[in-house]
Amino acid sequence: MKKIKILFLVRKMNIGGIQRQLINLISQIDRSKYDLYVLSFYEGGLLEYNLYKSDINYISLKKDKLSNLPFLIKFLKVVYGIKPDIIYSFFLYINFLTIF
């Protein structure tokens, strides 16, 4: 049976409520049924290390605060490359990007 791909979108892996919810959520998901991907817009954050050392596919887009068009193209390439079955995001403006 094919695993379901879930892509989680987050701004940055700082220590905060959203990031802790994400870590708690993905720690409970059955890896035999799901392939998990976490995509952060900005590099860094204290919880980023937790993802690098786990079995989660973690990608940081390393967004520059001034480069929106190149970032959007990079974002779409990564998402289309993963081909997720489910996209789960934590911020309103990130939700708008998922309609592409």
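The exercises below concern a predicted model, in which local features need pLDDT of at least 70 and side-chain atom pairs count only at pLDDT 80 or more, while totals for chains, interfaces and linings use all residues. Residues are numbered from 1 along each chain as its sequence is written, and side-chain values use heavy atoms, with hydrogens and water left out.

**Exercise 1. Describe the pair formed by phenylalanine 8 and tyrosine 88, and say which strands hold the two residues.**

Step 1. The structure holds four aromatic pairs. In the pair of phenylalanine 8 and tyrosine 88 the ring centres are 5.7 Å apart and the planes stand at 55°, so this pair is tilted.

Step 2. Helices (H or I, at least four residues) and strands (E, at least two) are DSSP runs, numbered from the N terminus. Because phenylalanine 8 belongs to strand E1 (residues 4–10) and tyrosine 88 to strand E4 (residues 86–89), the pair ties together parts that are 80 residues apart in sequence.

Step 3. Buried means under 20% relative accessible area, exposed over 50%, and partly exposed in between (1.4 Å probe, protein chains only). Phenylalanine 8, with a relative accessible area of 1%, is buried, whereas tyrosine 88, with 38%, is partly exposed.

**Exercise 2. Is serine 40 buried or exposed, and which side chain does its own side chain meet in a polar contact?**

Step 1. Serine 40 is found in strand E2, and its relative accessibility of 0% makes it buried.

Step 2. A polar contact is a pair of N or O atoms within 3.5 Å; within protein, one must be able to donate a hydrogen and the other to accept it, and residues adjacent in sequence count only if both atoms are side-chain atoms. The side chain of serine 40 makes such a contact, at 2.7 Å, with the side chain of tyrosine 58.

Step 3. With contact meaning heavy atoms within 4.5 Å, and leaving aside neighbours within four places in sequence, serine 40 is in contact with Val10, Arg11, Lys12, Tyr58, Ile59, Ser60 and Leu61.

**Exercise 3. Examine lysine 3 and find the backbone oxygen that lies 3.0 Å from a polar atom of its side chain.**

Step 1. Lysine 3 is in the segment before E1 and is partly exposed, at a relative accessible area of 33%.

Step 2. The backbone oxygen in question belongs to arginine 31. Residues touched by lysine 3, not counting those up to four places away in sequence, include Tyr34, Asp35 and Asp85.

**Exercise 4. Locate lysine 62 and lysine 83, and state the phi of each.**

Step 1. Most residues other than glycine have a negative phi. Lysine 62 has a positive phi of about 55°, and lysine 83 also has a positive phi of about 55°.

Step 2. Lysine 62 lies in the loop between strand E3 (57–60) and helix H3 (68–82), while lysine 83 lies in the loop between H3 and E4 and counts as exposed at 60% relative accessibility.

**Exercise 5. Say where the confidence of the chain is lowest and where it is highest.**

Step 1. The pLDDT, which is the predictor's confidence in each residue from 0 to 100, averages 83 over the chain, and 90% of the residues score at least 70.

Step 2. Confidence is lowest in helix H4 (residues 92–97), with a mean of 62, and highest in E1, at 94.

Methods. Phe/Tyr/Trp six-rings, centres within 6.5 Å; stacked < 30°, edge-to-face > 60°.
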